There are 2 protein chains.
Amino acid sequence: MKVQAFENHFNQQSFPSMKKIKIAQFGLGPIGIETLKLAASKPWVEIVGGIDIDPSKIGKPLAEITGDKNCGNAPVYRSLDELIAKNKPDVIFHTAVSKVRAACDQIEPMVRHGISVVSSCEELLYPALREPELAAQLDAACKAGRARVLGTGVNPGFVMDVLPVCLTGVCRNVRAVHVQRVVDATTRRGPLQKKIGSGLAPEEFERLFNEGKTGHAGLKESAALIAYCLGWKLDELIETGKALVALQDIHTPHVSVKKGQCCGIHQLAVGRLRGEVKITLDIKMYLQAPNPHDACQIDGEPAMNMIINGGVVGDGATVASLVNAAPRILKAQPGLLLMTDIGVPSFT
Amino acid sequence: MKVQAFENHFNQQSFPSMKKIKIAQFGLGPIGIETLKLAASKPWVEIVGGIDIDPSKIGKPLAEITGDKNCGNAPVYRSLDELIAKNKPDVIFHTAVSKVRAACDQIEPMVRHGISVVSSCEELLYPALREPELAAQLDAACKAGRARVLGTGVNPGFVMDVLPVCLTGVCRNVRAVHVQRVVDATTRRGPLQKKIGSGLAPEEFERLFNEGKTGHAGLKESAALIAYCLGWKLDELIETGKALVALQDIHTPHVSVKKGQCCGIHQLAVGRLRGEVKITLDIKMYLQAPNPHDACQIDGEPAMNMIINGGVVGDGATVASLVNAAPRILKAQPGLLLMTDIGVPSFT
């Protein structure tokens, strides 16, 4: 074993330890705070500030907002312009919205200043699905400003899209991709337990789902990313959401659900090409779900049958995927990026 | 569902269907022939020739050599210069050697002519492990010629390196990576059944292994790639190989093994950092192995426990990973690339 092989690696100059990346955080809700705390633990990060509209946060040092002294004394600014005037970041972590239109409004000024963005916005995983013109416009702004934008997370962003695509990399042929995710919501934070409709009447929850007011965001984007990578121009991409009903009373520290009330969601996206089912993405998130897991079957040559026992556990993994992506996007060409365009995901 | 979202994708100009890639094949052994046949089935491929030193192949059309008319009438040339004089390829598939030194000698003239290379050379997965100077030299030649070189395959190249790295992309922290692969060699081609020592005395096989004359090539390279991606400068990387002994007589169409003779190999690579085990790669390839599978445990936050039931089946997957990589390397910056540097593996 030649130890120096690692030291002399021909590609070492691109390793993120060589130069610190200046980071700022846009949106200081729970996910934003966790993102900042994880970023602050990395030797390659220098935190230069935060941005939030909450008057109770503006002006306060990030160490105080996050309760983590590693986050330092840079403050929360009320606007991008104020942040830039003080200390321009290389990368902003954007954890503020789920809709691509709102995200583009917030992100475009950043990239025009040459600041790259990693966003948790679910629809930004594959922005051209809902907003092709906006996506093209943001891509052009990125190129003009020499910046990169990436939407990522654990789901969407990994278990139901990037990981299945990765498995197909050794396939001679792929006929269909099927993914299942089962999340035991009992182990997750309160907002998620509420988002899945816990305690609502099943018909009330399904009405909210059909109005686009609840459910897991980004499932269609996961399907669209898979379809794009595999070269499938789907004719149809349909999403449904059903309430899962409690078979007994359930109490958690966050919610109380009576037998017969909604205790979670079963959401399904199905993509078809010339009538044939090419993609099924099936996610169940409910209280006391037994055997949580992530599974994927590639119907192809070779066929593949993957399972992650226990599943990839949510919020911590979402935060990690944001932070881990920052060095990778800086190595990519400027533009609005897809997770599959940049280097293979990796702990960094 | 807006179908036009797929048509108008902002990134569509990079999709390989837009322009054919001129392909040539270097080395027309069994893997080379299968690579060429798979490439010939792709709408984005134009085959322009082959290169081999075998006088019985030189001058013959590839359709005749491969038995597949889709491979066309371009001939096998005796040298790179003869091929280039006739029709210069964009990408050469290189399936000729396992050693990085021999591979570099063959590949360097290609990249100096601006031709990119996807190679099955196992040691080229992480060339700086054994040959840091040669790797640096080949990287410089790539940049001078505006070409890319990539070593890949299914193993090394995917199941024991790229896929485990990909899983860590959603981790806040990684303490160690453990990978196991069990291959039922009974289902594989004759050369593999012989390579794993079938029918030899166990001590004879272990002597050959310790002399570097047999065993699975590239296991240390897989460990080195994982270590590089995770930023671990290993102090120690040790590989061992033991004979697995037949408990009864075994007959396949290719080999006959008596009870007590070698029927396969158990090979192990262990990487340590400051005394702590950070990476274990454990592969067993033997006749009549029950429950073949690929498994990976990430000891981290979150912990992950992945299994691919049945495992990723070998030669067809190796060929697929070579062909699928071609469009991806052409999108990357010139240089000697690692699988983790370029876009996420994907069927193409």
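What follows is a briefing on the relation between the chains, the contact between them, the helix pairs and the sheets.

This is a predicted model, in which local features need pLDDT of at least 70 and side-chain atom pairs count only at pLDDT 80 or more, while totals for chains, interfaces and linings use all residues. Residues are numbered from 1 along each chain as its sequence is written, and chains are lettered from A and ligands numbered from 1 in the order in which they are written. Helices (H or I, at least four residues) and strands (E, at least two) are DSSP runs, numbered from the N terminus.

**Relation of the two chains**

**Contact between the chains**

- In the interface, 68 residues of chain A are in contact with 68 residues of chain B, where contact means that the C-beta atoms of two residues, placed from the backbone, lie within 7 Å.
- Several elements of chain A each supply at least two residues of the side that touches chain B, among them helix H6 (132-145), helix H10 (219-230), strand S8 (236-245), strand S14 (304-309) and helix H11 (314-331).
- By class, this side of chain A has 43 nonpolar, 17 polar and eight charged residues (Ala, Val, Leu, Ile, Met, Phe, Trp, Tyr, Cys and Pro count as nonpolar, Asp, Glu, Lys and Arg as charged, and the others, Gly among them, as polar).
- Of the interface residues of chain A, 99% are also interface residues in chain B, so the copies meet through the same surface.
- Strand pairing also crosses between the chains, for S14(A) and strand S14 (residues 304-309) of chain B pair in the antiparallel sense over three bridges (two strands pair if DSSP finds at least two bridges between them).
- Within that pairing, Met306(B) in S14(B) is the bridge partner of Ile308(A).

**Helix pairs**

- In chain A, the axes of helix H5 (residues 100-112) and H6(A) come within 9 Å and cross at roughly 15 degrees (axes are lines fitted to C-alpha atoms, for helices over the stretch in contact, and angles run from 0 to 180 degrees between N-to-C directions).
- H5(A) and H6(A) are therefore roughly parallel to each other (angles under 35 degrees count as roughly parallel, over 145 as roughly antiparallel, 65 to 115 as roughly perpendicular and the rest as oblique).
- The crossing of H5(A) and H6(A) is left-handed (a crossing is left-handed if the near helix is turned anticlockwise from the far one by less than a right angle, and right-handed if clockwise).
- Residues of H5(A), including Cys104(A), Ile107(A) and Val111(A), meet residues of H6(A), including Leu134(A), Leu138(A) and Ala141(A), and the residues of this contact divide into nine nonpolar, one polar and three charged.
- In chain B, the axes of helix H2 (residues 30-40) and helix H11 (residues 314-331) come within 9 Å and cross at roughly 55 degrees, and that makes H2(B) oblique to H11(B).
- The crossing of H2(B) and H11(B) is right-handed, and the contact is made by residues including Ile31(B), Glu34(B) and Leu38(B) of H2(B) and Asp315(B), Val319(B) and Val323(B) of H11(B).
- This contact of H2(B) with H11(B) has seven nonpolar, two polar and two charged residues.

**Sheets and strand pairs**

- Chain A has an open sheet of seven strands in the order S3-S2-S1-S4-S5-S6-S15, with parallel pairing.
- Strand S3 (76-77) and strand S15 (335-337) of chain A stand at the edges, each with a single partner strand, so one side of each is left without a neighbour in the sheet.
- Strand S5 (residues 116-119) and strand S6 (residues 148-151) of chain A pair in the parallel sense over three bridges, with Val117(A) opposite Val149(A) in S6(A).
- Helix H2 (residues 30-40) of chain A packs on this sheet, touching strand S1 (21-26), strand S2 (45-51) and strand S4 (91-94), and its direction makes about 160 degrees with that of S2(A).
- H5(A) also packs on the sheet, touching S1, S4, S5 and S6 of chain A, and its direction makes about 155 degrees with that of S5(A).
- In chain B, nine bridges join strand S7 (residues 173-184) to strand S13 (residues 293-301), which run antiparallel, and Arg181(B) stands opposite Asp294(B) in S13(B).
- Eight bridges join S7(B) to strand S12 (residues 276-286) of chain B, which run parallel, and Thr280(B) in S12(B) is the bridge partner of His178(B).
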